[in-house]
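Hello,

As promised, here is the structure for you to look through.

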Amino acid sequence: MNNKTYGKLQGYGILIIAVIFLSLVANLALANPKIHWGAELVPHWSYSGEENPHHWAALSPDFAICSKGQNQSPINFESGTREKSPNLVFNYQNTPLNIVNNGHTIQINYAKGSRVIIGDKDYELMQFHFHTPSEHTINKKVAKMELHLVHKNEEGEIAVIGILIQQGQEHPLIKKIWQYISPEQGEKNFANVIINAKDFIPVDQSYYNYIGSLTTPPCTEGVNWFVFKTPLKVSPQQIQQFTQIYQLNARPVQPLNQREIVIREY
Ligand SMILES: [Zn+2]
């Protein structure tokens with residue numbers, strides 16, 4: 001084989017490899033929008049465009065309650081009944097960092113064994129995730145972001161603790177987590193990075209409590225919401241790091257209807 005033939009063959013080889021590689025990439029790109037990481041296959045929904053929150057109910061019969069429901073979340077807090085309702089007793093443990101970018105938010109999944117006790121109910125912390133701007137509002141004021149700590153008890157009842165996030169000093173736990181977040185969808189495990197969500201819990205645990213729903217499809221009702229009055233402070237850079245990945249992932253406030261808001265103050 002002379003040099004010319006060899007060069008030609010090498011050229012074909014590179015071409016074939018390039019074609020295989022490109023078709024693999026194209027396949028992945030086509031398959032990707034249909035993948036919902038860490039969840040069962042659900043109809044696609046979004047915060048803007050055709051699939052925005054006003055259209056969620058139309059996207060699937062499973063989402064009907066998003067528009068028909070009378071007990072939807074988030075809501076605006078203004079007045080409420082001041083009551084000596086239960087304390088939140090936190091028993092959050094350390095967990096290895098597991099991050100999912102699910103195409104709607106950045107979610108951190110929690111290992112088993114972390115609990116919050118509310119009255120006579122004992123809930124397990126499943127995951128926490130973030131919205132921007134905030135979903136709940138206080139006196140119609142929107143905060144920069146909102147953190148949701150999602151809990152479930154043995155009966156399958158859901159309690160979510162919401163913490164509004166405002167601009168201030170850098171937050172050490174956010175700093176730790178943000179090092180590992182990325183725009184790329186999927187799940188990542190960092191077994192050597194240990195975090196504890198108790199670092200998000202304010203000293204003053206005064207809260208607003210009401211019965212609402214999930215703020216994302218399927219908008220399931222019966223969720224026991226506790227939104228702290230005290231916001232979490234993070235730096236402007238930390239807000240920016242999140243908004244570089246998600247510019248807007250907040251559902252607009254929903255009508256309160258006949259519901260009662262309970263205010264617990266310490
Ligand atoms: Zn949420």
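Strands S13 and S16 (residues 262-264) pair over three bridges in the antiparallel sense, with Tyr-207 standing opposite Arg-264 of S16. Please keep in mind throughout that this is a predicted model.

How many of the seven residues of S13 are buried? Six of them are, so S13 (residues 207-213) is largely enclosed by the rest of the structure.

There is also an open sheet of three strands, ordered S1-S8-S9, in which the pairing is mixed. Its edge strands are S1 (76-77) and S9 (141-142), each of which pairs on one side only. S1 and strand S8 (residues 137-138) run parallel and are joined by two bridges; there you will see Asn-76 standing opposite Thr-137 of S8.

Which protein atoms are the donors of the zinc ion? They are NE2 of His-129, NE2 of His-131 and ND1 of His-148, lying 2.0 to 2.1 Å from the zinc ion. Along the chain, these donors follow the spacing H-x1-H-x16-H. The pair His-129 and His-148 links distant parts of the chain: His-129 belongs to strand S7 (residues 121-131) and His-148 to strand S10 (residues 145-152), 19 residues apart. Both His-129 and His-148 are buried.

On to the nonpolar packing. As a general point, nonpolar side chains in soluble globular proteins tend to be buried together. Here, the largest nonpolar core has 39 residues, and the members that touch the most others are Phe-128, Phe-130, Leu-149, Ile-177 and Phe-200. Take Ile-177 as a place to start: leaving aside neighbours within four places in sequence, Ile-177 is in contact with Leu-97, Ile-99, Ile-108, Phe-128, Ile-195 and Phe-200. Apart from this core lies another, of 15 residues, including Ala-143, Tyr-208, Trp-225 and Ile-263.

Best wishes

Definitions and conventions. Residues are numbered from 1 along each chain as its sequence is written. This is a predicted model: local features need pLDDT of at least 70, side-chain atom pairs count only at pLDDT 80 or more; totals for chains, interfaces and linings use all residues. Side-chain values use heavy atoms; hydrogens and water are left out. Donors are N, O and S atoms within 2.8 Å of the metal (3.2 Å for Na, K and Ca); water is not among the atoms, so sites may look incomplete. Helices (H or I, at least four residues) and strands (E, at least two) are DSSP runs, numbered from the N terminus. Buried means under 20% relative accessible area, exposed over 50%, partly exposed in between (1.4 Å probe, protein chains only). Two strands pair if DSSP finds at least two bridges between them. A nonpolar core is a set of buried Ala, Val, Leu, Ile, Met, Phe, Trp, Tyr and Cys residues joined through side-chain atoms within 4.5 Å. Contact means heavy atoms within 4.5 Å.
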